[in-house]
Amino acid sequence: MQLFAQQLLLGVSLGAIYALVALSFTTIFQGTKVFNLAQGTVMLLGIFVAAQAAPHTGFWLAALIGLAAGAIATVVIWGLTLAARGSSHLTMTIMTMGVQVVLVSELTRRIGSDFLTTKDPWGASVWHLAGVGIPAARVWAIIVAIVLVGVFFWALRSTPWGAAMRASSEDPVTAELLGISERRVASAAWLIGGVLAVVAGIFLAAAPNPGLDYTSHLVALSAIPAVVIGGLDSSEGAVVGGLIVGVVQGLVTGYAGHYSFLGADIGAVTPYILMVVVLLVKPHGLFGSKEVARV
Amino acid sequence: MRKHTLRAAAVSVAVLTAVSLAGCGTRSSDAGSGSSSGDVKTDFGVTDDTITLGVMSDFSVVYGPLAKTVYAGDQIWADEVNAAGGICGRKIKFDVQDQKMDTQLANTEYAGMKNDVLGLVHLLGSPIISSLLPQIKADHMPTIAVGWSADYLGTPEIAVLGTTYDLDEINGVQHLVDEGKIHKGAAIGHIYMAGDFGENAAEGAKYAAGKLGLTYVGKKVDATATDISAEMSALKAAGVKAILVSTGPKQTAMVASQAPSLGLDVPILVNAPSYDPSLLQSPAAATVLKNLEVVTSMVPYAGDSEGQKKIQEGFAKVAEKGVNPTQHAGYGYAGATVLGEAIKAACEDGDLTRQSVVDHLRELDSVDTDGIYPALDFSDPATPSSTKSVILKAAKNEGGLKQVGDYFASPLQDGYKR
Amino acid sequence: MSERRLTTHLAKPAAAGIAIVVLLLVPLYFDASWTIIGVFSMGAAIAAIGLTILSGSAGQLSLAHAAFMAVGAYAYAFFAGVRGDEHYAGLGLPPLAAAVLAVVVAGIAGLAFSPVAARLRGFYLGVSTIGLVFIAQWVMKDAARLTGGVNGRSVEPLTVGGFELSGSNPTHQLTVLGVPFGGTERLWYVSLLLLLAAIVAAARILHARPGRALKLVRDNESAAAAMGISVQRAKATAFILSSAFAGVGGVLFALASNFIGSGNFDLLVSMSYLAMVVIGGLGSVGGAVAGAVFVMALPLLLNKFSDSIPFLAAPGSNGYTAGVVAQIVYGVVVVAVIIGRPEGVASFFRTSRRAPAAGRLPTPSPARQTL
């Protein structure tokens, strides 16, 4: 029972981080119908910059610098997709893969064997909830995720930007006829996408992990099932999908020892199996809208 | 379509005939086989004044940082040998290739270098070694494998330096019991990497745990695992009193940083490739310094034996800026020394062909590597060249490790069979 | 027929003929360190042709191409593997039969995935194929008897009637014009033959009825259905063809490297295949071949010449080594081609009068998006 509680709690906290990454994918997708395959690398870049700054500036300023770096990176990638105007959104998506290759090569070269840490204030401290230990950083990950998701949904519903975003996501032609600036919506979407990814990265670099290394951009791949399960263009779906993937992955890995015939990696592969199953039942994910499928 | 094909065929035949008639010289005679250079018989990689040795390693991906320091060790050896006039009156030269743990790249590089090198002084990576194995055998390529997997044993051409992972683990578990850190009946956890390194270590650890009355709780993780908190909580739930780690340094760091949050203040015993001095810069540093030990057959970088001093002095000269010293420089130095001894013996025999170097390598039954390793015995390709281990403790020095205690071998090894 | 048209008519087969002759002669003048690059490139080209049929003509984005290559490669290793080997499962079939069966199995794997593919469109298909790569990786790592697990498994050489066509140390010697032909030289000719066959087959498929049906399904499903084309069947056909081509590429890869492991077929490999067909121009067979040769041979060639290229850092250093530069160039080329030449390099060679019918993923009009 204690193992169950422990795994559930860890799963939820990991799910909160996945939810942030997933939200960063869906926001960009809603804004411009591009699936940014370089999202994981944007996260790594942000943390790399923050880790360079942290020894001089301390955590909070370094985190801000990292967030800015992530935002700049996504906006630059957006600019590249704009340069490829006339290509289909799928082709632009393939282009982000090219960006990813370039960024990863350079970051790998620079990072070497280092662990990137942001000198976060939580350190190795642990909170005990009902006899179960959980790193303070993970508790804050859950809290920050809740706050950010709350703010995000509030903005989506109650600000002019949110209205514009929803309008151009659902019906770009009418949105443009109504005078909604596609560029402003798009740039904001990419910017927010970059920031959310780096926020997730800050928590991934904190305890219980030793920091990010040059392979950490692959974490974004773990968030892809979350995005798809929830539905590519659904913010609610991203949050729900993230939690599902985090909890399922945590529980399956925790109990994998009982089902050793399934092999060592069953925890890592379960989200993908779940994703294919969900797609067979609901081809647009749990909350996705049908229109996207036509692209 | 058919017309095109016919026309293409006609043109092909015409051009082919023309080329054949012109009788251009093909590469009909490759260099190599059966020549002699000066006073000794040679085949590949040896000229009148140089001996070329291949270095094929992963300098950029998983083992990049480790490989760079191993290569530094190779260079230190070459500088030393060349300063003393070389081997057989010939200077040592390296042909360096970065295979990035990609078997495709490695095959291409091997094809490119195989006619130019006498042997491989540094070949790293299980998939790479497995992929090249048929060619290494066919070419009788004397090879120093970097790594301690027992899977590499059994091929006369391939030498593994020191104690294999399974024997290291047997010695390591014995050490934990002897030191009173765990007692009979306790549970011992093992986080190990999928693949021959981790699985070979697991064989030894499981065997030793069984013999010493311990409950063995093994958790296999993937080399690219980014989160092992679930595995760690499973160890916690099993109430382990010590954790063995046979993974890359990244997962070691995860183990060390998660153990305190789970209340696991227990010894962490790792293999040599699982440790990197950068762990002491990570948030896990405190736990690493307090609980982590390395079990291996190789002395640490820091120390004042003759071999260690040589490597320390040489390292600053050969290593590039930004490459920090690690224990593995010793592997490069010792590995090159072993191959060098075999080449020397072959030279004295007047036969510097690959086959001759392999034969002489297998005649070496007590190589002295300036104290980097205990005396190494290569006479039987199927058994490790050493069975002894030494315990190193994490320390804030160059290389991040210090030696505690002497070489030892567990008596349990006698009953162990793979 | 005017004189000009006559020359252009002759130019193509003549160029093809000369290219074939040159390729036939390569092993006589270049040693195995060159021919192995060619063998890998030709294997990749065959697999890339498969992907261009699927993604270019049928409009189905797939990131699972490496998974289908893996099916071919492991199936060959299993069928041709030694029976009763202590480490790996094997059936001990004659290697040629094993190779043919492996390609069939790869095709069947494509067929098995096509019901999933038929339900999904566009992005959902693309990302669900990422799932397929991870599921395949899991099988490769954990079905150890079959695949050798994380360590991978060795591959038996291809033989025809006991005569080796690949492998590191053939027992039957073969010398042509004074040049000893080892496994790599022999495999060069096998690959060349298969590549030519693949190009001809793909061209026939794409320019004949099945190809036109695929394109129609890509561009307008309802119209295709109205014309009596079974959309399901067309899509399944595309997946079978594409994965069978991938299977051939996988078998060739296995033969060339004597060994296969899960790392040879991961997501990055899948992505590189997508990059090949995008660089070449989606839907273009020649473009797929050009893209494959570029992506596959660039790092290998840069690596080969790293000593003589001044700006490259030595291997083992922290600088811009051949490996890093090859990665960066490859990424930049993908971005640059999409920005500058969305139809790929193939569009350079296309005359204006044959407007690019194939060439891009479907771009529906905004109005249709909202339907």
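Contact here means heavy atoms within 4.5 Å. By that criterion, and not counting residues up to four places away in sequence, C:Phe265 touches C:Ala66, C:Met69, C:Ala70, C:Ala73, C:Tyr74, C:Val133, C:Gln137, C:Met140, C:Phe253 and C:Ile260. The model is predicted, with local features needing pLDDT of at least 70 and side-chain atom pairs counting only at pLDDT 80 or more, whereas totals for chains, interfaces and linings use all residues. Residues are numbered from 1 along each chain as its sequence is written, chains are lettered from A in the order in which they are written, and side-chain values use heavy atoms, with hydrogens and water left out.

C:Phe265 is buried, with a relative accessible area of 1%, and C:Phe253 is also buried, at 11%; buried means under 20% relative accessible area (1.4 Å probe, protein chains only).

A search of the whole structure finds 21 aromatic pairs over all chains, where rings of Phe, Tyr and Trp (its six-membered ring) pair if their centres lie within 6.5 Å, and planes over 60 degrees apart count as edge-to-face. Two edge-to-face pairs are set out here.

| Pair | Centre to centre | Angle between planes |
|---|---|---|
| B:Tyr301 and B:Phe315 | 5.7 Å | 80° |
| C:Phe253 and C:Phe265 | 5.8 Å | 75° |

Both B:Tyr301 and B:Phe315 are buried. Elsewhere in chain B, ring pairs link B:Trp148, B:Tyr165, B:Phe197, B:Tyr331 and B:Tyr373 into a cluster.

Conventions
Phe/Tyr/Trp six-rings, centres within 6.5 Å; stacked < 30°, edge-to-face > 60°. Buried < 20%, exposed > 50% of the residue type's maximum accessible area, 1.4 Å probe, protein only.
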